[in-house]
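Work through the exercises below with the sequence and the structure open beside you. Try each task before you read its solution.

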Amino acid sequence: MNNCEEKSIDCASKEILNISTEKGFCTAFDRHEVMEPECGFGQLGICCKNCVMGPCRIDPFGEGAKEGICGATADVIAARNLIRMLAAGAAAHSDHGRDIAHTLLATSEGKTKGYTVKGKEKLFTLAKELNVKTENRKIEEIAHDVAEKCFAEFGQQHGELQFTHRAPKKRQELWRKGRFMPRGIDREIVEIMHRTHIGVDNDHENLIQQGIRASLGDGWGGSMIATDLSDVIFGMPEPIRSITNLGVLKEDEVNVIVHGHEPTLSDVIVAASQDKELLELAKSYGAKGINLAGICCTANEILMRHGISVAGNFLQQELAVITGAVDLMLVDVQCIMPALGNLCQCFHTKFVSTSPKAKFPFAEHVEFSEEDALPIAKKIVRMAVENYKNRKKELVKIPKDKMELIAGFTAEYVYKMLGGKYRSTYRPLNDAIISGRLRGAAGIVGCNNPKVKHDWAHVTLAKELIKKDVLVVVTGCSAIADAKAGLLVPEAAKKYAGRGLQEICEAVGIPPVLHLGSCVDCSRILTTLANVVLEGGLGEDISDLPVAGAAPEWMSEKAVSIGFYVAASGVYTVLGFPFPVLGGKKITQLLTKDLEKLVGANFDFEPDPVKAADLIIKHLDKKREALKLKPVMYGE
Ligand code: SF4
Ligand code: MSK
């Protein structure tokens, strides 16, 4: 691969990509080139292997098959494939939530080593919401019942998920009427698998209805449980400074990278990396310290609560190894490339898998259990320290690039941030939108994808929006992209934001782009939107608000689920790549046009981030007009 300039906007990544090319290493960027041209049937969503009469594929243009052997049309096949993707994404998020609930339960029973209830205030708020008694009870007893109530949400067979009641009343009614209201987190995922079996649901609209229901079970269920119970165990995030990019790796320290999604192990790794005995051991090997950094969402979790630095986002996982400076990379679940094991063989890097759910070629498996968390974390950090002496100095090349950032914003923090000292309220945020100082808000989330220049679409879209007085909130790999580009510091407002947003950022001391956390923390966006509606003055439903969502570089099935629950919550959503459904005309029409009649918002597919920004601005202005708000104060 020669044209590294074209692969990323990030200088550190380009530098390592050049080294990779020179030395003949193979990364996702190279494998993507080898894969081209990608399968057109797959891209259009019109191949099916749901039974072995097939595989069947629909010919979208020529004289070939217009139906599968069972008679399934392109629309049905595309809808089935899409909601199966969604089911996998919802399952991934929700299983993460289940694991956090397990950790809280075990902690409340005194069965874990390394965890306590740090977010007591949040625990009491949740207890109230879930009808758990708090008077004259120990924290452990309350935590136990809160965990059990959350557990029950997974297996519930009928009724409504508790946290859906956070949504505005009007939205809840719409969900009930349209049969979108999720009954149980697992149930909706299982029902997708049933309906997409051969010969069950053969109506693309009905299939999408169930997809929406399962996605809401993720956003207002599994992901929300993951976020809220993480706040209970690990503490509420608060704005915190840190640094990001490959330049956070240190030549003279033991470098440990945590990669994946769940905070349970990474949080205790933070404690283990500060252990006196291990620090002494590191010194005895000639290292000045133990340097912990993260990749992907596990990074976001420990960044939000401990200010641990972030080495990079999804497409930088292999690049971190190629710096030659990583002594150990430990992984848990999700977004971990199986290629890492092989790549680590070219360096001294130890590659350690920890989850019984996720094993990898060439990985050393050290199984994690919440019950023994701290001893296991110390064992892994010790492995890193002992591997420091094996570093091949001649292979070490750490880019200089690193950037400061502030992370740690939450729905709860908005009360403090904008509400002022005397009254906790969302009023100033609502007033800023009503007065036109802010045009509205947009959430930009999701992954990297080698089909688009790394980080380019995230950063361009964010810059275009803040320029036009749109407050941007970010999660996941999008947040890391913007952080590396310098958008997550208050000074970015002066440089990039429109005058209205600049005034707000300066008054409050916040960046124009707010980091809300990991992928499951997209649920923080939902809670924030519900709070904005509740505060009043901006309509009765989330779909009335001048807000939008975007995932310009998405790739994972989790992003399908996020996209669906965001749209089904009433937020217009622009995706950088289309869902693989374009081979079905009716389903494409449903998702990009008719969905608005069903849930008050639809999708648009737009790869050009400048055009995507235009679509979002147009949408925000349309919503402002419908609410009869004043024109935007300083905008064009
Ligand atoms: Fe073909 Fe229908 Fe079987 Fe799919 S379910 S493989 S379309 S026969
Ligand atoms: S890590 S799902 S690549 S955002 Fe959450 Fe990044 Fe996408 Fe994974």
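The exercises that follow go from the domains to a sheet, and then to single residues.

This is a predicted model, in which local features need pLDDT of at least 70 and side-chain atom pairs count only at pLDDT 80 or more, while totals for chains, interfaces and linings use all residues. Residues are numbered from 1 along each chain as its sequence is written, chains are lettered from A and ligands numbered from 1 in the order in which they are written, and side-chain values use heavy atoms, with hydrogens and water left out.

**Exercise 1. Domains**

Task: State the bounds of the domains in the protein chain, and describe the contact between domain 1 and domain 2.

Solution: Begin with the assignment, which gives domain 1 (74-234), domain 2 (246-395) and domain 3 (416-626); such bounds come from an automatic or database domain assignment. Next, take the centres of domain 1 and domain 2 over C-alpha atoms, and you will find 30 Å between them. Then look at the contact, which means heavy atoms within 4.5 Å: 19 residues of domain 1 are in contact with 18 residues of domain 2. Finally, the area buried between domain 1 and domain 2 is about 1500 Å², with 49% given by carbon and sulfur atoms; buried area is the accessible area (1.4 Å probe) that two parts lose on being put together, summed over both.

**Exercise 2. A six-stranded sheet**

Task: Find the order of the strands in the open sheet of six strands, and say which strands are at its edges.

Solution: Recall that strands of a sheet pair through backbone hydrogen bonds, either parallel or antiparallel. Helices (H or I, at least four residues) and strands (E, at least two) are DSSP runs, numbered from the N terminus, and two strands pair if DSSP finds at least two bridges between them. The order in this open sheet is β13-β12-β11-β14-β15-β16, and the pairing is parallel. At the edges are β13 (513-517) and β16 (603-605), each of which pairs on one side only. On average, neighbouring strands of the sheet are turned by 25° against each other, direction ignored. Helix α25 (residues 609-626) packs on this sheet, where it touches β11 (440-444), β12 (470-475), β14 (547-551), β15 and β16, and its direction makes about 160° with that of β14; axes are lines fitted to C-alpha atoms, for helices over the stretch in contact, and angles run from 0 to 180 degrees between N-to-C directions.

**Exercise 3. Strand β11**

Task: Explain why β11 is largely enclosed by the rest of the structure, and trace its pairings with β12 and β14.

Solution: Four of the five residues of β11 are buried, so the strand is largely enclosed by the rest of the structure; buried means under 20% relative accessible area, exposed over 50% and partly exposed in between (1.4 Å probe, protein chains only). Towards β12, the pairing is parallel over five bridges, and Gly 440 stands opposite Val 470. The chain goes from β11 through helix α18 (residues 456-467) to β12 in a right-handed β-α-β crossover, where right-handed means that, with the strands pointing away from the viewer, the path from the first strand over the helix to the second runs clockwise. Towards β14, four bridges join the parallel strands, and Ala 442 has Ala 548 as its bridge partner.

**Exercise 4. Backbone exceptions**

Task: Locate two cis peptide bonds, and decide whether Asn 136 and Gln 334 are buried or exposed.

Solution: Most residues other than glycine have a negative phi, and most peptide bonds are trans. The bond from Glu 36 to Pro 37 is cis, with omega near -5°, and Pro 37 is in the loop between α2 (28-35) and α3 (40-44). The bond from Gly 54 to Pro 55 is also cis, with omega near 10°, and Pro 55 is in the loop between β1 (47-48) and β2 (56-57). Asn 136 has a positive phi of about 55° and lies in the loop between α5 (120-129) and α6 (139-155), where it is exposed, because its relative accessible area is 85%. Gln 334 has a positive phi near 75° and is found in the loop between β7 (328-331) and α14 (339-344), where it is buried, because its relative accessible area is 17%.
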